[in-house]
Amino acid sequence: MALINSKNYEQLKALVSDVTMSLLNNKRYQVPGLGTFSVCTRKATQDRAACKVTMFRASAELRDHASGGPKPEVSGPHAEAIQMIIEAMQSEEGIEIPNFGRMAVVSGKQPKLIFHATKGFNAAL
């Protein structure tokens, strides 16, 4: 997993806080160069009750980068954290963001960009 030091931990924490606040207000949160986080309600099944979960849709630029294209351009208050996430997603293990979830690129014929929110993060929704 990508190493998180004290400087980028604070930057990641600020990004996670902004994403969390938007999702708690039932609003999607778009991160230029990375993608969009939103809330979706999973239907109930025989084994589980209906629940809200966090969804992530990678930006076109990030999907292109995962396929060998140029790095997406990022800007704004979370630019350093976003840049770190984009780089770390390319590693075999991806990145585990504390109190948020895991993000990674899964290699294959067409790479997949994944986000698995922590149970605690989804439970807060």
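A disulfide is a covalent bond between the sulfur atoms of two cysteines. Here, a disulfide is counted when two cysteine sulfur atoms are within 2.5 Å. A search of the whole structure gives zero disulfides. Cys-51 is in no disulfide either, since its nearest cysteine sulfur, that of Cys-40, is 9.1 Å away. Cys-40 is partly exposed, at 32% relative accessibility, and Cys-51 is partly exposed too, at 29%. On these terms, buried means under 20% relative accessible area, exposed means over 50%, and partly exposed is in between, with a 1.4 Å probe and protein chains only.

A word on the source. This is a predicted model, in which local features need pLDDT of at least 70 and side-chain atom pairs count only at pLDDT 80 or more, while totals for chains, interfaces and linings use all residues. Residues are numbered from 1 along each chain as its sequence is written, and side-chain values use heavy atoms, with hydrogens and water left out.

Now the overall fold. The chain has four helices and six strands, in the order α-β-β-β-α-α-β-β-β-α along the sequence. Helices (H or I, at least four residues) and strands (E, at least two) are DSSP runs, numbered from the N terminus. The chain has a radius of gyration of 15 Å, close to the 14 Å that the globule rule gives for 125 residues, so it is as compact as a globular protein of that length. That radius is taken over C-alpha atoms, and the rule is 2.2 Å times the number of residues to the power 0.38. The C-alpha trace spans about 45 × 35 × 25 Å along its principal axes. Of the 125 residues, 38% count as buried.

Which helix is largely enclosed by the rest of the structure? Helix H3, residues 79-89, is the one, because eight of its 11 residues are buried. Among them are Ile-82, Met-84, Ile-85 and Ile-86. The buried residues of H3 pack against H1, S1, helix H2 (60-66), S4, S5 and strand S6 (112-117). Contact here means heavy atoms within 4.5 Å.

His-65 sits in helix H2. Is His-65 buried or exposed? At 13% relative accessibility, His-65 counts as buried. Leaving aside neighbours within four places in sequence, His-65 is in contact with Pro-70, Lys-71, Pro-72, Ile-86 and Gln-90. Ile-86 is also one of the buried residues of H3.

Last, the backbone. Most residues other than glycine have a negative phi. Asn-26 has a phi near 55°, a positive value. Asn-26 is in the loop between helix H1 (6-24) and strand S1 (29-31), and at 56% relative accessibility it counts as exposed. Asn-99 has a positive phi as well, near 60°. Asn-99 is in the loop between strand S4 (95-97) and strand S5 (101-106), and it is exposed, with a relative accessible area of 60%.
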